[in-house]
Amino acid sequence: MTRTPVAKTSAERLQVAALPWRRGPAGLEILLVTSRETRRWVTPKGGRMTGKSDAEAAALEALEEAGVEGAVSDQPLGTFRYLKVLKRRAPRWCVVALYSLKVTVEHSEWHEQAQRDRVWLPRETAAEWVDEPDLKVLIAAFDP
């Protein structure tokens with residue numbers, strides 16, 4: 001198991017995320033999901049997992065949150081930061097390593113289906129829909 005070092009401050013939480021993608025009829029498409037609490041459009045993401053590489057954890061988050069599986073990259077595309085805002089806790093900064101996930105399976109039912117919406121978008125539109133500036137840049141520059 002290899003962990004990719006991610007620069008962070010001591011107050012930040014480390015997370016991993018998947019950037020699910022496919023080649024659709026109109027070209028490159030990115031899959032976004034809504035966050036559970038704020039309903040913003042985001043990439044599937046979550047905490048690092050004991051016993052799994054960060055890439056494996058990102059792929060598992062994509063399965064749980066978006067119902068997709070595929071080939072995940074070993075190295076992150078880059079990192080982005082965001083302020084995690086929860087209803088019952090103080091906001092906390094997170095630094096997220098983003099891994100490419102070439103989708104080969106899209107399930108019609110998945111674990112968090114009742115809690116999230118998902119949508120396939122052209123790369124440029126997906127970059128516009130997310131709020132985090134660094135994530136916008138990573139999505140806009142993504143070219144598999």
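First, the ground rules. Residues are numbered from 1 along each chain as its sequence is written. Because the model is predicted, local features need pLDDT of at least 70 and side-chain atom pairs count only at pLDDT 80 or more, while totals for chains, interfaces and linings use all residues; side-chain values use heavy atoms, with hydrogens and water left out.

Now confidence. pLDDT is the predictor's confidence in each residue, from 0 to 100. The protein chain has a mean pLDDT of 91, and 92% of its residues reach 70 or more. Residues 1-5 have pLDDT below 50, and beyond near neighbours in sequence this stretch has 16 contacts in the model (a contact means heavy atoms within 4.5 Å). Where pLDDT is low, the predicted coordinates should not be read in detail.

Next, the strands. Strands (E, at least two residues) and helices (H or I, at least four) are DSSP runs, numbered from the N terminus. Two strands pair if DSSP finds at least two bridges between them. Please look at strand E2, residues 27-34. Is E2 largely enclosed or exposed? Seven of its eight residues are buried, so E2 is largely enclosed by the rest of the structure. Buried means under 20% relative accessible area, exposed over 50%, and partly exposed in between, with a 1.4 Å probe and protein chains only.

Which strands pair with E2? E1 does, in the antiparallel sense over four bridges, and the two form a hairpin with two residues between them. Arg23 has Leu28 of E2 as its bridge partner. The hairpin of E2 and E3 has six residues between the strands, and in it Arg39 takes a positive phi near 65°.

Back to E1, residues 13-24, which holds Gln15. Gln15 counts as buried, at 4% relative accessibility. Its side chain makes a polar contact with the side chain of Tyr82, at 2.6 Å. A polar contact is a pair of N or O atoms within 3.5 Å; within protein, one must be able to donate a hydrogen and the other to accept it, and residues adjacent in sequence count only if both atoms are side-chain atoms.

Now the cores. A nonpolar core is a set of buried Ala, Val, Leu, Ile, Met, Phe, Trp, Tyr and Cys residues joined through side-chain atoms within 4.5 Å. The largest has 19 residues, of which Ile30, Phe80, Leu98 and Ile139 touch the most other members. A second, separate core of 17 residues includes Val16, Leu31, Val68 and Trp120.

Last, aromatic pairs. Rings of Phe, Tyr and Trp (its six-membered ring) pair if their centres lie within 6.5 Å; planes under 30 degrees apart count as stacked, over 60 as edge-to-face and the rest as tilted. There are three such pairs. Trp21 and Phe142 are edge-to-face, 5.8 Å centre to centre with 65° between the planes. Trp21 lies in E1 and Phe142 in the segment after H3, so this pair ties together parts 121 residues apart in sequence. Phe80 and Tyr82 form a tilted pair, at 6.4 Å and 35°, and both residues are buried.
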